[in-house]
Amino acid sequence: MKVKLQHLLPRHPRKGQSLVELALSLMLLLILLAGVSDIGRLMFYYLSMRDAVQEGAAYASVYPKHCTQIVERVWSAMNDNSVQVFVTIDGTTSCVAASETTQACSGHSVQIQAIQPQFRLATPIIGTFIGAQSLRLQTKITGTILRPPCQ
């Protein structure tokens, strides 16, 4: 007596295949989505940092001797006091020292630099790929001092 094996086997032997494919592809899509959100945060923060430095450079081109106000202007434009701000007037790294000399006058250059040494990433999976959970961001703007006139 022969028994037909067709009736004993399930009709759709690959029923779980689509579920496994969905799980694998969904995992990849979620990792990509997390990376895109981190890159979006990074770009937003960098652009706001650059805009704040431009605001500081515009203020410094008119009031180059007001060193603390320049730094406060950058901080208030960013709403973040953890950013390190450096003001350089005509190559002198100390804004206070330059404003005591004749360097802080029209025609000379002013450079504002902002550095965020620890921009934290939101997703740990991205940090695994780049080797760190934080990034160092910096931006620099150079402008020309418009006033006061040199004597």
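**Around Ile 112: a walk through the model**

Start at Ile 112. Leaving out residues up to four places away in sequence, Ile 112 touches Val 53, Gly 56, Ala 57, Ala 60, Ile 70, Val 74, Val 85, Phe 86, Val 87, Thr 139, Lys 140 and Ile 141. The model is predicted.

Now widen the view to the core. Nonpolar side chains tend to be buried together in soluble globular proteins. Here the largest nonpolar core holds 27 residues. Ile 112 is among the members that touch the most others, along with Tyr 45, Met 49, Val 83, Val 87, Ile 89 and Val 110. At least two core residues come from each of helix H1 (17–62), helix H2 (67–78), strand S1 (84–89), helix H3 (95–100), strand S2 (109–120) and strand S3 (134–144). H1 gives the largest share, with eight residues.

Next, the chain as a whole. Four helices and three strands make up its secondary structure. Their order along the sequence is α-α-β-α-β-α-β. Among contacts with a separation of 6 or more, 64% join residues 24 or more positions apart.

The overall dimensions come next. The radius of gyration is 29 Å, whereas a compact globule of 151 residues would have one near 15 Å. Along the principal axes, the C-alpha atoms fill a box of roughly 115 × 20 × 20 Å.

Last, burial, surface and charge. Of the 151 residues, 31% are buried. The chain exposes about 10400 Å², and carbon and sulfur atoms supply 62% of that area. There are 13 positive and 8 negative charges, and their mean positions lie 23 Å apart.

Conventions. Residues are numbered from 1 along each chain as its sequence is written. This is a predicted model: local features need pLDDT of at least 70, side-chain atom pairs count only at pLDDT 80 or more; totals for chains, interfaces and linings use all residues. Side-chain values use heavy atoms; hydrogens and water are left out. The radius of gyration is taken over C-alpha atoms; the globule rule is 2.2 Å times the number of residues to the power 0.38. Buried means under 20% relative accessible area, exposed over 50%, partly exposed in between (1.4 Å probe, protein chains only). Contact means heavy atoms within 4.5 Å. Accessible areas come from the Shrake-Rupley method with a 1.4 Å probe; for residues, only the protein chains shown count as cover. Lys and Arg count as positive and Asp and Glu as negative; His and the chain ends are not counted. The place of a charge is taken as NZ of Lys, CZ of Arg, CG of Asp or CD of Glu. A nonpolar core is a set of buried Ala, Val, Leu, Ile, Met, Phe, Trp, Tyr and Cys residues joined through side-chain atoms within 4.5 Å.
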